[in-house]
Amino acid sequence: MIHFKPEVVPSDICKISPFLRIIISEVEAYFIENQIGRVLITSLMSDHVGDRISKTHADGRGCDISIKELDELHQERLRFHLNSIHGKAWGTRPTDKPNIPTRVALIHGEGENKHLHLQVRKNINLSIH
Ligand SMILES: [Zn+2]
């Protein structure tokens with residue numbers, strides 16, 4: 001089951017990119033398969049009320065998920081799994097790193113702030129998947 005931090009507007013899940021929604025569903029499936037517990041979305045289109053958030057999130061192409069309940073091995077396996085499936089067709093890379101593979105999942109932050117950042121690119125073309 002998917003849960004939302006109080007600052008997140010749950011109905012935004014209906015407004016985000018369907019490609020991002022598929023990836024969130026895969027995270028949920030991974031949690032169920034591995035009996036990890038609830039999926040906690042900590043940021044979707046809006047973040048903490050009044051805070052400035054990234055354009056990617058505001059666009060409905062970014063999502064943050066808490067990984068507090070995952071050990072390091074699961075964090076790495078989940079990130080690798082999502083990027084293996086969707087990184088090539090739906091992923092992004094920094095403009096200053098044109099040679100690295102595109103990806104949809106990154107581990108961001110440290111300690112309490114550590115989270116799984118999911119991101120899909122603009123103008124996805126279904127026929128290349
Ligand atoms: Zn994020």
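1. Some housekeeping before the details. This is a predicted model, where local features need pLDDT of at least 70, side-chain atom pairs count only at pLDDT 80 or more, and totals for chains, interfaces and linings use all residues. Residues are numbered from 1 along each chain as its sequence is written.

2. Start with the sheet. Five strands make up an open sheet with mixed pairing, in the order β1-β2-β3-β5-β4. Strands here are DSSP runs of E with at least two residues, helices are runs of H or I with at least four residues, and both are numbered from the N terminus. Two strands pair if DSSP finds at least two bridges between them.

3. Now the edges. β1 (2-4) and β4 (105-108) each have a single partner strand, so one side of each is left without a neighbour in the sheet. From one strand to the next, the twist averages 35 degrees.

4. Helix α3 (residues 72-90) packs on this sheet and touches β4 and β5. Its direction makes about 150 degrees with that of β4. For such angles, axes are lines fitted to C-alpha atoms (for helices over the stretch in contact), and the values run from 0 to 180 degrees between N-to-C directions. Contact means that the C-beta atoms of two residues, placed from the backbone, lie within 7 Å.

5. Take a look at β3 (residues 62-66). Four of its five residues are buried, so the strand is largely enclosed by the rest of the structure. Buried means 20 or more other C-beta atoms within 10 Å of a residue's own, exposed means 12 or fewer, and partly exposed is in between, with C-beta atoms placed from the backbone.

6. β3 pairs antiparallel with β2 over two bridges, and antiparallel with β5 over five bridges. D64 in β3 stands opposite S43 and also opposite H117 in β5. G62 has Q119 of β5 as its bridge partner.

7. Finally, two residues with positive phi. Most residues other than glycine have a negative phi. Q35 has a phi near 50 degrees and is found in the loop between α1 (18-33) and β2 (39-43). Q35 is exposed, with 6 other C-beta atoms within 10 Å. N123, in the segment after β5 (115-119), has a phi near 55 degrees. N123 also counts as exposed, with 4 C-beta neighbours inside 10 Å.
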